[in-house]
Amino acid sequence: MARSGRPVAEVVLTAEERETLLRWSRRAKSAQALAVRCRIVLACAEGLSHMEIAARLGVHRTMVGKWRSRFVADRLNGLLDEQRPGRPPLITVDQVEEVIVATLEQTPRNATRWSRASMAEKSGLSKSTVGRIWRDFGLKPHRAETFKLSTDPLFVEKVVDVVGLYHNPPERAVVLCVDEKSQIQALDRSQPVLPMMPGIPERRSHDYVRHGITSLFAAFNIADGTVIGELHRQHRASEFKKFLVTIDKTVPAGLDVHLVCDNYGTHKTPEIRAWLAKHPRFHMHFTPTGSSWINQVERWFGFLADQQIRRGVHKSVQALEKDIRSWIADWNTHPRPFLWTKTAEEILDSLTRFCRGLSRDRCFRRVGQ
């Protein structure tokens, strides 16, 4: 005989509770923990089973049972975090909502973000209480991240093309990721650098003296990690053409050359097009605009900047160029190729999810207005 299972408490909402739950779950910037709890309670009120709710919302069924029980026992206040031993909390759910809404949808009168002190002054709560609310709902006003979406109309085609080269390079061909690191400055500190000592980090003066600039043209071989590098004082189309000649002399004659480049103007001038027409073994593959992350040589530039340029001290451009050439030569003695794992489909799927999240955020924002 099949077991009927443990009976669950029925969830019946008042009109005011339903309106509040819907508002919390739909607000454009509500903390996701609170929004999920509200959706669980709303689904319970529809009479769905724990398994059905868990499948719909992508949570575990024990989580559904927990917040059903908490709501039945304490109603809206039950959606806050677990009560701790000691005196009962003096903060109401409306006060918590006020802090969350103000944090997500407003800014202080004289600042670009909230601090615990400014939020405490606005809400009338203590700074420690504001900190606990932010921590409980995963809010970090002091942090900010960057993003950029490519507006290239051929974004999909270019991603498929470049990533396809990484995963399935053509036979009898070499794939090179090419770019320029321009305006590298030869910087000398105004006073001698003090070396690191036990318990004391290296110290250097905050100001510096400029001694000129140079530009590095680099081609990163995705197969073995070796780099073809060339330094020029400028980075015009004529310098890029000289670099193409260097690549042509370096790569064995029997191999085709596939170059992954960005959309910088010097890569597409009539002079460059004419040179490429005379060298049919060269094939250009352009990354989408605003998508330098897809060009592997950018990661290599990061190594160069971190290990050689950023903390280097150079009294002349010649000294800077000598150190860069030496660093490249050392890299090529022990080259390290990068392992590209994402497929084009995975990249496009990730971007689609991100764009859907932006669209949903705008939609919720309009609903809340």
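Reply: Happy to. R172 counts as exposed, with 62% relative accessibility; here buried means under 20% relative accessible area, exposed over 50% and partly exposed in between, using a 1.4 Å probe and protein chains only. This is a predicted model, in which local features need pLDDT of at least 70 and side-chain atom pairs count only at pLDDT 80 or more, while totals for chains, interfaces and linings use all residues. Residues are numbered from 1 along each chain as its sequence is written, and side-chain values use heavy atoms, with hydrogens and water left out.

R172 sits in the loop between α8 (155–167) and β1; helices (H or I, at least four residues) and strands (E, at least two) are DSSP runs numbered from the N terminus. Its backbone deserves a glance: R172 is not a glycine, yet its phi is positive, at about 50 degrees. Most residues other than glycine have a negative phi. Q183 is another non-glycine with a positive phi, in this case about 55 degrees. Q183 belongs to strand β1, and its relative accessible area of 49% makes it partly exposed.

Now follow β1 into the sheet. Five strands make up an open sheet with mixed pairing, in the order β3-β2-β1-β4-β5; two strands pair if DSSP finds at least two bridges between them. The edge positions go to β3 (227–232) and β5 (282–286), and each has a single partner strand, so one side of each has no neighbour in the sheet. From one strand to the next, the twist averages 30 degrees.

On one side, β1 (residues 173–189) runs antiparallel to β2 (residues 208–221), and 11 bridges join the two. If you want to trace this pairing on screen, L176 stands opposite N221 in β2, and L187 stands opposite R210 in β2. With β4, by contrast, β1 pairs in the parallel sense, over 5 bridges. There, A173 has D256 of β4 as its bridge partner.

A helix also belongs in this picture. Helix α9 (residues 237–250) lies across β1, β2, β3, β4 (256–261) and β5, and runs at about 150 degrees to β3. For such angles, axes are lines fitted to C-alpha atoms, for helices over the stretch in contact, and the values run from 0 to 180 degrees between N-to-C directions. Contact means heavy atoms within 4.5 Å.

Q307 and R189 are 118 residues apart in sequence, and their C-alpha atoms are 18 Å apart in space. Q307 is in helix α11 (residues 296–309) and, at 44% relative accessibility, counts as partly exposed.

Moving on to the helices, α2 (residues 32–45) and α4 (residues 61–74) have axes that come within 9 Å and cross at roughly 80 degrees. The two are therefore roughly perpendicular to each other, a label for angles of 65 to 115 degrees, with under 35 counting as roughly parallel, over 145 as roughly antiparallel and the rest as oblique. In this contact, α2 supplies V36, R37, I40, V41 and C44, and α4 supplies M63, V64, W67, R68 and F71. By class, there are 8 nonpolar, no polar and 2 charged residues; Ala, Val, Leu, Ile, Met, Phe, Trp, Tyr, Cys and Pro count as nonpolar, Asp, Glu, Lys and Arg as charged, and the others, Gly among them, as polar.

The largest nonpolar core has 36 residues, and L21, L79 and I100 have the most contacts inside it. Such a core is a set of buried Ala, Val, Leu, Ile, Met, Phe, Trp, Tyr and Cys residues joined through side-chain atoms within 4.5 Å. Two or more residues each come from α1 (15–26), α2, α3 (50–57), α4, α5 (93–105), α6 (116–123) and α7 (127–136), with α2 giving the largest share, 8 residues. A second, separate core has 33 residues, including F155, V163, W340 and L348.

Finally, look at α7, where T129, V130, G131, I133 and W134 are buried. Among the elements that cover the buried residues of α7 are α5 and α6. Just after α7, G138 has a positive phi of about 65 degrees.
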